Amino acid sequence: MHKIITLLFCLCLIGGCAKSNNAASDTNTKYIGYVEAIINNNSTVSSEIPFDYDLSVTKDSKGQYVYEVTISNPKQAMYNVEMMVIDVSKVGSENIFPSIGVIDEEQFNLIPFQSNAQRGFYAALACNGVSDVPQFTLNVFVVYRDYSGLNETRIFFNLDAEYAADVAAPAEGKVLNEVGTDETPANDENNDENGEDDDTEDYSEDDYYEDGYYNEYGEWVEGESY
């Protein structure tokens, strides 16, 4: 009898491990499928997006740029919501992309005018990630179901992110022409109104000499200055 109980206990453990492995395999398959769906979408934006979304970028103490993509204010009931955000520059790498609801056991729902986190109803959902550069592009994927769980809707949109304080501003100063040489600005004092060089020297009433002087037209006048 003792041997039978021990055997049954071992079979239960093996069965539990098998279920756990199957669940992990299904989760990995879904995760990979979502990544491929985003890549194959080629940054195409959905024509209708039934919620608001927002992006924030901050800089942490390590000099990395932390972004957060938030969706909120649903226009319709969204059950079992899943979201994934991909940094376009990291596609093809071994990075794990931020997501919510994809590998979580918890179910997330967004319902208009309802918020009760203990029952799985949220006012907003967010994904956080890190970039090594201050400018980058994010592809965002959101999938949700209707109340029955039978009908699935997929939403795609893109976000151009930047940490403004670390983005180089255009240099001020001399204008460069097509070949990269200095070009005198058109409003220079020695240029005419069309921006072309004026060969006439600048003269003033103070340009006098002992045997003559230059008048206001740049002409030499013999005689003493007046």
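Mentor: Happy to! Partly exposed means a relative accessible area between the two cut-offs, with buried under 20% and exposed over 50%. E152 has 41% relative accessibility, so E152 counts as partly exposed. Keep in mind that this is a predicted model.

Trainee: Which side chain does E152 meet in a salt bridge?

Mentor: That of R145, at 3.2 Å from N to O. R145 has 13% relative accessibility, so R145 counts as buried.

Trainee: How many salt bridges does the count come to?

Mentor: Six. One of them is K75 with D52, where the closest N and O atoms are 3.0 Å apart. This pair links distant parts of the chain, as K75 is in the loop between β2 (65-72) and β3 while D52 is in strand β1, 23 residues apart.

Trainee: Are K75 and D52 buried or partly exposed?

Mentor: K75 is partly exposed at 49%, and D52 is partly exposed too, with a relative accessible area of 35%.

Trainee: What about D166, which residue does it form a salt bridge with?

Mentor: With K59, and the closest N and O atoms are 2.7 Å apart. D166 is partly exposed at 31%, and K59 is partly exposed at 38%.

Trainee: Switching topic: what is the strand order in the open sheet of four strands?

Mentor: The order is β4-β3-β6-β7, with antiparallel pairing. β4 (99-100) and β7 (152-162) are the edge strands; each has a single partner, so one side of each is left without a neighbour in the sheet.

Trainee: Over how many bridges do β3 and β4 pair?

Mentor: Two, in the antiparallel sense, with β3 covering residues 79-87. M84 stands opposite S99 in β4.

Trainee: Last one: where is P50, and is P50 buried or exposed?

Mentor: P50 is in the loop between α1 (2-40) and β1 (52-59). P50 is buried, with a relative accessible area of 9%.

Trainee: What is P50 in contact with, leaving aside its neighbours within four places in sequence?

Mentor: Its contacts are N73, P74, K75, Q76, M78, Y144 and I155. P50 and I155 are 105 residues apart in sequence, yet 8.8 Å apart in space, C-alpha to C-alpha.

Definitions and conventions
Residues are numbered from 1 along each chain as its sequence is written. This is a predicted model: local features need pLDDT of at least 70, side-chain atom pairs count only at pLDDT 80 or more; totals for chains, interfaces and linings use all residues. Side-chain values use heavy atoms; hydrogens and water are left out. Two strands pair if DSSP finds at least two bridges between them. Buried means under 20% relative accessible area, exposed over 50%, partly exposed in between (1.4 Å probe, protein chains only). Contact means heavy atoms within 4.5 Å. A salt bridge is a side-chain nitrogen of Lys or Arg within 4 Å of a carboxyl oxygen of Asp or Glu.
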